[in-house]
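I opened a new model today and kept notes as I went. Here is what I looked up, entry by entry.

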Amino acid sequence: MKREPQGSALSARLLRRLLKVIRLAVPGRGSVRHRGYVLPPPAMRNRMCGSEYASNDFFLDSGSAEARRLMTRLAYTGNSHVVEIGSGLGRLAIGLVREAGSVQYWGFDASEPWIAWCRKHIERSHPSFRFVHVNIENELYNPAGTTLGDDFRFPLADGHADIVYMWGVFTNMRLNDARIYISEISRLLRNGGRAFLTAFVEKNVEPESINPVGYVDYECKVPLHVVRYAQDVLFSMFAEHGLTVEEFAYHGGTHCNQSEIYLRKVGGPVSSPRDQPSMTARRN
């Protein structure tokens, strides 16, 4: 039997490895492997976050920075239960995997393809991370969803969460829908629990402004591209639901004119035991 020369065999192995790396790194495929972590392809990330997140390094490092925010600003410990509303393509979740390992985490999002990606590429390898599609209407991300009503509940028990995290959700959400979400943030948080969110917030403006002209340095071409709230209206909603503003970083976010808001749950009913999901939203 004729044997392949040793050098040729080595070259073939190196070629196979090179082709595998290329397949993993090609934009538009189902995933990209970068610095040991599986990331969404840049084309998907553009839709969720903006052009700068097409950079693998930026996406990965920004996720780690957000995970460290939980640890340094939101009292995260290894026993904390984290709920992310608007989990997107798993930027925070990947950061938590990188910075903390196994985390008791629930992620909710209105985009079913994004939830499917997170289940396949994060939850399958890290089962303490769970992702749930909530089929609620949003003109930008899920226009065919169910209208959000006062009876809406995320499928977790009262007081389940030590931390609720919402990055870039209220920025694309109508004020009445934000009111329902604020009620849910309060319900989900245990007494003393903390929340973080970003929003477009200004004084002396209309309670709600959709795509206000000249407010940001980019053109608003799609529905709910920018939703701006009046500060007094938004903060009164927090107070109504037992959420105290601990810090308001005006225009402190990484994106044009977004402000960062840190909340703490005070008062309210005694938290019930943590539970598994109800039937309000289903894991398909």
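**Entry 1: a charge over a ring.** I started with Arg45, whose charged end sits over the ring of Phe59, 5.0 Å from the ring centre. I count a charge as over a ring if NZ of Lys or CZ of Arg is within 6 Å of the ring centre and within 35 degrees of the ring normal. I also found Arg91 over the face of Trp167, at 4.4 Å from the ring centre.

**Entry 2: ground rules.** I noted that this is a predicted model, where local features need pLDDT of at least 70 and side-chain atom pairs count only at pLDDT 80 or more, while totals for chains, interfaces and linings use all residues. Residues are numbered from 1 along each chain as its sequence is written, and side-chain values use heavy atoms, with hydrogens and water left out.

**Entry 3: helix H3.** I read off helices (H or I, at least four residues) and strands (E, at least two) as DSSP runs, numbered from the N terminus. Helix H3 covers residues 56-73 and has 18 residues. From its first C-alpha to its last, H3 reaches 25 Å, close to the 26 Å expected at 1.5 Å a residue. The expected span is 1.5 Å times one less than the number of residues.

Which residues of H3 are buried? I listed Phe59, Leu60, Ser62, Gly63, Ser64, Glu66, Ala67, Arg69 and Leu70. Buried means under 20% relative accessible area, exposed over 50%, and partly exposed in between (1.4 Å probe, protein chains only). An α-helix has 3.6 residues a turn, so residues three or four places apart point the same way. After H3 comes Ala75, with a positive phi near 60 degrees.

**Entry 4: salt bridges.** Side chains of opposite charge can pair when their charged atoms come close. My cut-off for a salt bridge is a side-chain nitrogen of Lys or Arg within 4 Å of a carboxyl oxygen of Asp or Glu. The structure holds 15 of them.

I looked at Arg35 and Asp61, which meet at 2.8 Å, N to O. Arg35 lies in the loop between strand S1 (32-34) and strand S2 (37-39) and Asp61 in H3, so the pair ties together parts that are 26 residues apart in sequence. Arg35 is partly exposed at 42% relative accessibility, and Asp61 is partly exposed at 34%. A network of salt bridges links Arg35, Asp57, Asp61 and Arg98.

Next I checked Glu139 and Arg174, whose closest N and O atoms are 2.8 Å apart. Glu139 is in the loop between strand S5 (129-133) and S6 and Arg174 in the loop between S6 and H6, so this bridge joins parts 35 residues apart in sequence. Glu139 is partly exposed at 34%, and Arg174 is partly exposed at 31%.

Then I took Arg187 and Asp158, with their closest N and O atoms 2.8 Å apart. Arg187 is in helix H6 and Asp158 in the loop between S5 and S6, 29 residues apart. Is Arg187 buried or exposed? Arg187 is buried, at 17% relative accessible area, whereas Asp158 is partly exposed at 36%.

**Entry 5: the cores.** A nonpolar core is a set of buried Ala, Val, Leu, Ile, Met, Phe, Trp, Tyr and Cys residues joined through side-chain atoms within 4.5 Å. The largest one has 41 residues, and Val164, Phe170 and Tyr181 touch the most other members. Among the elements that give two or more residues are strand S3 (81-85), helix H6 (175-188) and strand S7 (189-202). H6 gives the largest share, seven residues.

I listed the contacts (heavy atoms within 4.5 Å) of Phe170. Leaving aside neighbours within four places in sequence, Phe170 is in contact with Ala178, Tyr181, Ile182, Leu197, Thr198, Ala199, Val227 and Tyr229. A second, separate core of 29 residues includes Leu89, Leu96, Val103 and Ile163.

**Entry 6: aromatic pairs.** I paired rings of Phe, Tyr and Trp (its six-membered ring) if their centres lie within 6.5 Å; planes under 30 degrees apart count as stacked, over 60 as edge-to-face and the rest as tilted. The whole structure gives 17 pairs. Phe235 and Phe248 are edge-to-face, at 5.3 Å centre to centre and 85 degrees between the planes. Phe235 is in helix H7 and Phe248 in strand S10 (residues 243-249), 13 residues apart. Ring pairs also link Trp106, Phe108, Phe152, Phe154 and Tyr181 into a cluster.
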